[in-house]
Amino acid sequence: MQSELLTLSDVSLAYQTVEGETVAIQDLNLTVREGEFLAIVGPSGCGKTSVLSLIMGLIPQSGGTVRVQKPGLRMGYMLQRDHLLDHRTVEKNVLLGLEVQHRLTEQSRKNALQLLDTYGLSEFKTYKPNQLSGGMRQKVALIRTLALEPDLLLLDEPFSALDYQTRLNLSDEVYRIIRREHKSAILVTHDISEAVSMADRVAVFTARPATCKADIPIGFPAAMPPLERRRQATFHDYFDRIWEELQA
Amino acid sequence: MKQHPVSDAHARYLRSLRRDAHCIRLSQIGILLAVLLIWEVGADLNWFDPFILSSPSRVFATVARLSADGSLWLHIGTTLLETVLGFLLGTVLGALFAVLLWWLPKLNRILDPYLVVLNALPKIALGPVLIVWIGAGMASIVVMGILVSLVVTTVTVLNGFSAATDEKQLLMRTLGATKLQIFTKVVLPAGVPDLISALKISVGMSWVGVIVGEYLVSKAGLGYLIVYGGQVFKLDLVMASVAILCVLAALMYYAVAFLEKKVRT
């Protein structure tokens, strides 16, 4: 078994509003191992996104511990929408993270441009984001995240704003990228098929207050890409199992 | 961009576009010429009293006379200096104030009602107060020009900053950005289009502030000429000053519009 990357023990999170206190997450236990692709599914509004914010350290938890097991672990966050900056070219958008972290060197720039090239976007590097299609924009956002060379990718429904065809193609591509670069990933989604087609393991969350009610290993080999997985007979068994867990 | 008509229909379409553009430009010039012509002929034929309404030729003669004795440049220079100073200081201070309010959201909330009232208040109502406080001189006029453009700049620019949504700022935080980086890389660029509209508004506002200031207290300037001309019934002088104002205000507006084009491309 691979070593642990990140452990959440008895984590809880409560939001304060004028109307009162909302407990978003309660007694959540979750582990991510190195090189693992974990998907989190759950009803919408159950606090899946909050888990990523907690892990990223954007908000403090109300209780429990979030422990990063590997010192110096680099995390990259990818949001539902690309949020590319309109006044910057594609190239400058890709370099944004490096620039912000003062890590923009000759080498890191070359790396980022290499990524653009690998994913077929280098001819668009002088374009402004509004000249690109939704799928291309999201790919640029992914490269912006990858340029930081994260060990762990946090994907917050990164395909949900795309049309179906783009979505399948892009998830296939993202999957290959993550596997090729040997990254670990946590994918938050409400789309069961997407979870089964990409993850090694699916954590099923309950409605609010969220906690992990089932942990389902997906038995496809890591080398099998999402589109291929969707064609497997066992795909639907996994789907049904997760569906039942969500319904129960 | 080069035009390559792809078909006869396309060529016809391009021609019609050009025709429309010519037609509009000719009509614009035509209106100006017609007004000047009717004004001139009407004054010559005594349809109205040229002593009260002046005429283009008398306006022209007045400008020539002022130019010959050198006083024209003094008046234009005075007003232009006051306006440019008021405009620049007003927009710079207004924009800096907007930055401060963005940086300190609590201060923004505290000052919000004051900003609303100040924005609604006709700033020229403060003219007499300024003269008492600052003195009867150019400083009062410049401050008037500043006041008139400052608040509107602050309100417009602050509004522009809000184009940088919370989500975009969240993205910056996921990349590990500091507040200063969020400001310089996301918020400020998002505010640039509104900053430019603020400039366009302010440039007109500053003229209002300065001319009213000159009405109240001045020894030189186009506003001074207008008030003086009105008091001694030299309507030629009033009309000549207004005509010069038209030209200057238009030039300054187009300078800002030119700047906008530069920034946008």
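Which strands of chain A does helix H1 lie across, and at what angle does H1 run to S1(A)? Let's start there. This is a predicted model. Helix H1 of chain A, residues 48-56, lies across S1, S2 and S4 of chain A. H1 runs at about 115° to S1(A).

Now the sheet under discussion. Strands S2, S1 and S4 of chain A form an open sheet, in the order S2-S1-S4. The pairing is antiparallel. Two strands stand at the edges: S2, residues 20-33, and S4, residues 63-68, both of chain A. Each has a single partner strand, so one side of each is left without a neighbour in the sheet. From one strand to the next, the twist averages 20°. As a reminder, strands of a sheet pair through backbone hydrogen bonds, either parallel or antiparallel.

Look at one pairing in detail. Strand S1 of chain A covers residues 4-17. Five bridges join S1(A) to S4(A), and the two run antiparallel. If you want a residue pair to find on screen, take A:Leu6. Its bridge partner in S4(A) is A:Val68.

Next, the contact between the chains. Chain A gives 12 residues, and chain B gives 12 residues. On the side of chain A that touches chain B, the largest share comes from helix H3 of chain A, residues 96-100. That share is three residues. What classes of residue make up this side of chain A? Seven are nonpolar, four are polar and one is charged.

On to chain B. How many helices and strands does chain B have? There are 11 helices and zero strands. The radius of gyration of chain B is 24 Å. The globule rule gives 18 Å for 265 residues, and 24 Å is well over that, so chain B is more spread out than a compact globule. Its C-alpha atoms fill a box of roughly 75 × 70 × 30 Å along the principal axes. Of the 265 residues in chain B, 34% count as buried. Then there are the contacts within chain B. Take those between residues at least 6 apart in sequence: 74% of them join residues at least 24 apart.

Last, one helix of chain B. H7 spans residues 138-161, which is 24 residues. From first C-alpha to last, H7 of chain B reaches 34 Å, close to the 34 Å expected at 1.5 Å a residue. Is H7(B) largely enclosed or largely open? Of its 24 residues, 20 are buried, so H7(B) is largely enclosed by the rest of the structure.

Technical notes
Residues numbered from 1 in each chain as written. Chains lettered and ligands numbered in written order. Predicted model: local features only at pLDDT ≥ 70, side-chain atom pairs only at ≥ 80, totals over all residues. Helix = DSSP H or I, 4+ residues; strand = E, 2+ residues; numbered from the N terminus. Expected span 1.5 Å × (residues − 1). Buried ≥ 20, exposed ≤ 12 C-beta atoms within 10 Å, placed from the backbone. Rg over C-alpha atoms; globule rule 2.2 N^0.38 Å. Contact = placed C-beta atoms within 7 Å. Nonpolar A, V, L, I, M, F, W, Y, C, P; charged D, E, K, R; others polar. Pairing = 2+ DSSP bridges. Axes fitted to C-alpha atoms, helices over the stretch in contact; angles between N-to-C directions.
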